Amino acid sequence: MRLVADIGGTNARLALASSGRVQAGTVRSFRNADFRSFDEVAERYLREAGAPRPPEVVAAVAGPVRGGQVRLTNRDWLIDAEALGNRLGASRVQLVNDLTALGYAAPGLGADQLVPVVEGAPATGAPLQSLVVGIGTGFNVSPVLQSGPSVICPIAEAGHVSLPAGVAQALERRRAGLSAAFPTVEECFSGRGFAMLCREVTGRADLQPSDIARACEGGGGHDVAEAVAFYAELIGWLLRDLMLAYMPTSGIYFAGGVARAVLSSPHRGRCSEVMGRPFRIGTRTDIPVWIINDDAAALQGCARLSFVDAAAASMPRAGAGVR
């Protein structure tokens, strides 16, 4: 048996899993504000579920994992894998970033858990490569490598790379000097970046999140709608670079509130139009793109994760630090 958890800034969702699957009827959600630590949440869940102490715990956390520890980005919780294992009596505990957990879930997601954005033909020959792209409070990606039943999700820090030339050029075409406001990918493709871009494009410094949300839903003023459409176009330019960097021929999966809002909007066609333009080197452009539309998908990834695969994915790489 395995205890699996998806720990966000506001809520923690827990379940029991066995044989790589979340057990039906075991998913429960808790408000983090009601507890002093995640350890207390886990103990409450196990007590109320009448479950024995699980030998394994896998938790997806909204924050960077370093040395078996993670501190939540917007809550003063420090989660330590060793301490959590001792408290719960678990012999093996793995902490992973929540986007990495979605990477482990991606190969097993069904049509009812996905919303198509761009139709395409996923590659079927082994090894399979796909990519999870998270656009929410921040930005990052989770590469997914699959060979048979084995899945590895190498760590990445794609949000902190410089803005790709295609995105910068699109910003400059909109207004000279605009790209200087967005020096990195995350500063453009994140919740605050999205809001800042909409304000820059509309010239409305007082533009509210509610105005942007209405535009994503097909309402609001024409100027805000055009700003959202332009942001969707920028996602398309970004994806072109990500497609070349990671070669995700089995598909691209989007996660995060900003990605869902923009790529579910009537303006998502601007993204697919840019993506469909041919590359100079003849690389495929018919890669399918989906939105992950299942809030429990990270739990599925925690259930599927192999401790061997997870250790391989988190090994230090030459010339790179480890989160």
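Leaving aside neighbours within four places in sequence, His267 is in contact (heavy atoms within 4.5 Å) with Ala215, Ala225, Val228, Ala229 and Ala232. The structure is a predicted model, in which local features need pLDDT of at least 70 and side-chain atom pairs count only at pLDDT 80 or more, while totals for chains, interfaces and linings use all residues. Residues are numbered from 1 along each chain as its sequence is written, and side-chain values use heavy atoms, with hydrogens and water left out.

His267 lies in the loop between α9 (257-263) and α10 (269-275). Helices (H or I, at least four residues) and strands (E, at least two) are DSSP runs, numbered from the N terminus. With a relative accessibility of 16%, His267 counts as buried; buried means under 20% relative accessible area, exposed over 50%, and partly exposed in between (1.4 Å probe, protein chains only).

Helix α7 (residues 209-216) and helix α8 (residues 222-246) have axes that come within 9 Å and cross at roughly 75 degrees. α7 is therefore roughly perpendicular to α8. Angles under 35 degrees count as roughly parallel, over 145 as roughly antiparallel, 65 to 115 as roughly perpendicular and the rest as oblique. Axes are lines fitted to C-alpha atoms, for helices over the stretch in contact, and angles run from 0 to 180 degrees between N-to-C directions. On the α7 side the contact is made by Asp211, Ile212, Ala215 and Cys216, and on the α8 side by Val224, Ala225 and Val228. These residues divide into six nonpolar, no polar and one charged (Ala, Val, Leu, Ile, Met, Phe, Trp, Tyr, Cys and Pro count as nonpolar, Asp, Glu, Lys and Arg as charged, and the others, Gly among them, as polar).

An open sheet of mixed pairing contains six strands in the order β10-β15-β14-β11-β12-β13. Two strands pair if DSSP finds at least two bridges between them. β10 (114-118) and β13 (150-152) are the edge strands, each pairing on one side only. From one strand to the next, the twist averages 25 degrees. Three bridges link strand β14 (residues 252-255) and strand β15 (residues 289-292) in the parallel sense, with Ile291 of β15 as the bridge partner of Phe254.

α3 packs on this sheet, where it touches β11 (128-135), β12 (139-147), β13, β14 and β15, and its direction makes about 30 degrees with that of β12. α8 lies across β11, β12 and β14 and runs at about 145 degrees to β11. Seven of the eight residues of helix α3 (residues 98-105) are buried, so this helix is largely enclosed by the rest of the structure. The buried residues are Leu99, Thr100, Ala101, Leu102, Gly103, Tyr104 and Ala105. At the start of α3, a side-chain oxygen of Asn97 comes to within 2.9 Å of the backbone nitrogen of Leu99.

Strand β9 (residues 92-97) has five of its six residues buried, so it is largely enclosed by the rest of the structure. β9 runs parallel to strand β5 (residues 56-61), to which six bridges join it; Leu95 in β9 is the bridge partner of Ala59.

A further open sheet has three strands in the order β6-β7-β8, with antiparallel pairing. β6 (65-66) and β8 (78-80) stand at its edges with a single partner strand each, so one side of each is left without a neighbour in the sheet. Two bridges pair β6 with strand β7 (residues 69-71) in the antiparallel sense, and Arg66 stands opposite Gln69 in β7.

Notes
Polar contact = N/O pair within 3.5 Å; in protein donor to acceptor, adjacent residues only side chain to side chain.
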